2 protein chains.
Amino acid sequence: MPRKLAYRNLPQLFLRAREELLSHFRPIITHFGLTEQQWRILRAIAETEQLEPREICEICQILSPSLTGVLSRMEDVGLITRTRMAEDQRRVLVRMTPKSEKLVAELGPLIVEQYKIIEQAFGAELINELYTVLDKVISIERGPIPQVKLPPRKELADY
Amino acid sequence: MPRKLAYRNLPQLFLRAREELLSHFRPIITHFGLTEQQWRILRAIAETEQLEPREICEICQILSPSLTGVLSRMEDVGLITRTRMAEDQRRVLVRMTPKSEKLVAELGPLIVEQYKIIEQAFGAELINELYTVLDKVISIERGPIPQVKLPPRKELADY
DNA sequence: ATGGAATCATTAACATATTAGATAGTCAAC
DNA sequence: GTTGACTATCTAATATGTTAATGATTCCAT
């Protein structure tokens with residue numbers, strides 16, 4: 001007997017909608033030999049001259065262990081430099097290279113162009129609604145959200 | 001000279017918003033030893049008794065090569081069965097097992113409960129706005145969306 | 001000064017994402 | 001009944017996501 005949950009899968013709608021948009025940007029990014037994450041990172045650094053890894057994690061929605069690898073690869077191909085801070089030997093400074101500066105100078109405008117095309121196709125009102133609603137989800141202060149009580153069992157083998 | 005693109009990063013807002021919601025469901029799913037994708041798949045199959053891989057790809061937003069691995073692991077731990085169709089030897093039918101039936105019977109209600117909690121915390125209007133806007137992005141028919149012309153070069157080494 | 005808590009980055013182990021290509025089966029035209 | 005286009009799935013190679021644990025510093029209260 002097929003069992004249908006009483007609501008639609010909201011997180012999944014996000015995935016679809018995001019893909020609907022991103023699919024029009026991805027070709028541009030990959031054309032330049034970048035991955036989506038690498039572009040996110042370059043774009044973030046380009047706005048501030050330099051960033052620390054934990055800041056990049058926060059801004060780009062990348063977990064720390066993932067970022068370590070991404071930055072290593074980017075360093076290998078000369079897209080960024082990593083230098084430890086003198087004052088605090090735990091921290092690291094990530095900067096762009098001339099190479100990635102050039103890259104962003106070419107790629108950035110294309111992204112902007114594509115964005116305009118998308119705004120045309122989707123309609124400016126829809127895009128604005130998106131910003132509004134997403135911002136509400138993200139930045140509205142709500143107290144701690146309770147968590148349902150979980151039963152004791154944990155292992156798949158128990159079923 | 002820090003260079004700021006003229007618009008916010010929309011796909012990234014989706015990531016954040018999605019995480020804002022999913023973070024309240026993830027503990028439930030992992031508590032039962034499932035991954036997010038495994039739960040998406042079980043939930044989809046539970047609604048229709050059986051599905052073919054390409055249908056699962058479509059429904060769950062998982063690419064075919066990823067799905068192959070996920071299904072293999074799920075088969076290994078006895079969450080699903082895979083059987084080739086007699087009429088068309090290319091196609092496969094994926095079904096739940098008694099084990100996963102039990103699992104979904106326990107997990108499903110907890111997800112529904114948590115969903116209600118979240119609806120409370122975020123407000124029913126916001127949730128409804130979300131459905132409305134996301135649906136517009138996903139399911140509105142638009143013609144083919146043009147793609148910006150890309151310059152000839154392609155290799156990172158050229159920079 | 002010193003030991004323990006906290007912080008930042010990394011490593012390890014596993015699961016998934018992404019792109020390209022391979023494989024095997026189906027089907028229609030010839 | 002073969003060929004060739006097409007379809008559904010899978011492999012392979014590389015990149016990233018996820019959770020837990022480690023290593024190296026810094027900080028803070030004693």
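Here are some worked exercises on a predicted model with chains A and B.

Before you start: residues are numbered from 1 along each chain as its sequence is written, and chains are lettered from A in the order in which they are written. Local features need pLDDT of at least 70 and side-chain atom pairs count only at pLDDT 80 or more, while totals for chains, interfaces and linings use all residues; side-chain values use heavy atoms, with hydrogens and water left out.

**Exercise 1. The build of chain A**

Task: Work out which pattern chain A follows along the sequence, and set its radius of gyration beside that of a compact globule of 159 residues.

Solution: 
- Step 1. Chain A has 7 helices and 3 strands; these are DSSP runs, numbered from the N terminus (helices: H or I, at least four residues; strands: E, at least two).
- Step 2. In sequence order the pattern reads α-α-α-β-α-α-β-β-α-α.
- Step 3. Along the principal axes, the C-alpha atoms of chain A fill a box of roughly 60 × 45 × 35 Å.
- Step 4. Of the 159 residues, 48% count as buried (buried is under 20% relative accessible area, exposed over 50%, partly exposed in between; 1.4 Å probe, protein chains only).

**Exercise 2. Where the chains meet**

Task: Find how many residues each chain gives to the contact, and which element of chain B gives the most.

Solution: 
- Step 1. Taking contact as heavy atoms within 4.5 Å, 83 residues come from chain B and 84 residues from chain A.
- Step 2. The area buried between the chains is about 8,800 Å², with carbon and sulfur atoms giving 66%. This is the accessible area (1.4 Å probe) that two parts lose on being put together, summed over both.
- Step 3. The rule finds 4 salt bridges across the interface (a side-chain nitrogen of Lys or Arg within 4 Å of a carboxyl oxygen of Asp or Glu). Glu129(A) pairs with Lys136(B) in a salt bridge, their closest N and O atoms being 3.0 Å apart.
- Step 4. On the side of chain B that touches chain A, α6(B) gives the most, with 17 residues.

**Exercise 3. Salt bridges within a chain**

Task: Take the pair Arg91(B) and Glu52(B). Where does each partner lie, and is Glu52(B) buried or exposed?

Solution: 
- Step 1. The closest N and O atoms of Arg91(B) and Glu52(B) are 2.7 Å apart.
- Step 2. Arg91(B) lies in the loop between β2 (80-84) and β3 (92-96), and Glu52(B) in the loop between β1 and α4, 39 residues apart.
- Step 3. Glu52(B) is buried at 7% relative accessibility, whereas Arg91(B) is partly exposed at 31%.
- Step 4. For another example, look at chain A: Arg26(A) and Glu36(A) form a salt bridge (3.4 Å, N to O). Arg26(A) sits in helix α2 and Glu36(A) in helix α3.

Technical notes. The radius of gyration is taken over C-alpha atoms; the globule rule is 2.2 Å times the number of residues to the power 0.38.
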